[in-house]
Amino acid sequence: MKNLLVLFSVFMLSLVAFPQSSVNLTVKLNPIQSITVNNQQSDVILDYVTKSDYESGVSVLLQDHLTVFSTGWFEIKAKSSNPSLISSGREIALSDITITPFDGSTKPLNNSQYSPVTLSQSNQTLVSSSKGSVDRNFNVSYAAKGDYEYIDMYVSGQPNEFKTIVQYSIVPR
C-alpha cells in the first residue's frame with residue numbers, strides 16, 4: 001500500500017506543469033592566426049667568403065625561424081618588399097634567392113605540404129596545412145646562387161651588402 005501511495009504521488013507530480021524557459025546556445029569560433037620570426041634571427045646574412053661560395057652558392061638554415069598559431073587550416077606565405085636586392089645602385093635579382101621551409105625542432109606539424117619558393121614581390125606559398133597549429137615551429141633555409149653569378153658585383157672597399165626585406169604572412173586556407 002505504501003508503495004502504491006508513493007507511485008501515485010510520483011504520477012500526480014508528473015502531471016503538474018513546471019514553469020520552463022529556454023535559451024539559444026551558440027559556440028562561435030573565430031579565426032585567430034599569428035606568425036612570428038624568431039627575435040634572434042631577424043637579420044639573415046648569406047655571406048660569400050670563399051671561392052667555393054661564389055662557385056656553389058651559399059645557404060643558411062635557421063632553426064625554429066618561424067612560429068605559427070592558427071585556429072584552422074592555413075598557409076604561410078613569403079614575399080620581398082623590394083623588386084630586387086639593392087646595394088649602391090647595383091641589384092641582385094629576387095629570383096636568385098630560394099627560401100625552403102622544414103619542420104621545426106619542436107612541435108613538427110603533420111598533414112602539411114612544404115614548398116621551396118623563389119623570392120618574389122608577390123606572395124609565394126611556403127607551407128600549406130590542413131590542420132590548425134598551436135605554436136608550431138618551422139626551420140627555414142635561405143639560399144643564393146653560385147656559378148660565379150656575382151663575381152663582377154663586388155666594388156672595392158668594405159664588403160658589399162645587397163638588401164631587401166622578406167615579409168611573412170599567414171592566411172586561412
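Biologist: What is D64 in contact with, leaving aside its neighbours within four places in sequence?
Modeller: The partners of D64 are N38, Q41, G104, S105, T106, N137, F138 and N139. Contact means heavy atoms within 4.5 Å. This is a predicted model: local features need pLDDT of at least 70, side-chain atom pairs count only at pLDDT 80 or more, and totals for chains, interfaces and linings use all residues. Residues are numbered from 1 along each chain as its sequence is written, and side-chain values use heavy atoms, without hydrogens and water.

Biologist: What makes the link between the side chains of D64 and S105 a polar contact?
Modeller: The distance is 2.7 Å. A polar contact needs a pair of N or O atoms within 3.5 Å; within protein, one must be able to donate a hydrogen and the other to accept it, and residues adjacent in sequence count only if both atoms are side-chain atoms. D64 itself sits in strand β2. Strands are DSSP runs of E, at least two residues, numbered from the N terminus.

Biologist: Why does N139 count as buried?
Modeller: Its relative accessibility is 7%. Buried means under 20% relative accessible area, exposed over 50%, and partly exposed in between (1.4 Å probe, protein chains only). So N139 is buried. N139 lies in strand β10. Its side chain makes a polar contact of 3.1 Å with that of Q63. Beyond four places in sequence, N139 also touches residues including D64, H65, G104 and S105.

Biologist: How do you know that Y114 and F138 form a tilted pair?
Modeller: Their ring centres are 6.0 Å apart and the planes stand at 55°. Rings of Phe, Tyr and Trp (its six-membered ring) pair if their centres lie within 6.5 Å; planes under 30 degrees apart count as stacked, over 60 as edge-to-face and the rest as tilted. So this pair is tilted. Y114 is in β7, F138 is in β10, and 24 residues separate them. F138 is buried, at 1%. Y114 is partly exposed, at 26%.

Biologist: What makes Y48 and Y54 an aromatic pair that is tilted?
Modeller: The centres are 5.1 Å apart, with 45° between the planes. Y48 counts as buried at 18%, whereas Y54 counts as partly exposed at 23%. Ring pairs join Y48, Y54 and Y150 into a cluster.

Biologist: Which residues touch the most other members of the largest nonpolar core?
Modeller: F74, I76, I99, L126, F138 and Y168, out of 27 residues. Such a core is a set of buried Ala, Val, Leu, Ile, Met, Phe, Trp, Tyr and Cys residues joined through side-chain atoms within 4.5 Å. Beyond four places in sequence, Y168 touches residues including I76, I99 and L126.

Biologist: How many bridges pair β3 and β9?
Modeller: There are 5, in the antiparallel sense. Two strands pair if DSSP finds at least two bridges between them. I76 stands opposite V127 in β9.

Biologist: How many bridges join β6 to strand β8?
Modeller: There are 2, and the strands run antiparallel. T98 stands opposite T118 there. On β10, T98 has A143 as its bridge partner. The antiparallel pairing of β6 with β10 has 7 bridges.

Note on methods: Helices (H or I, at least four residues) and strands (E, at least two) are DSSP runs, numbered from the N terminus.
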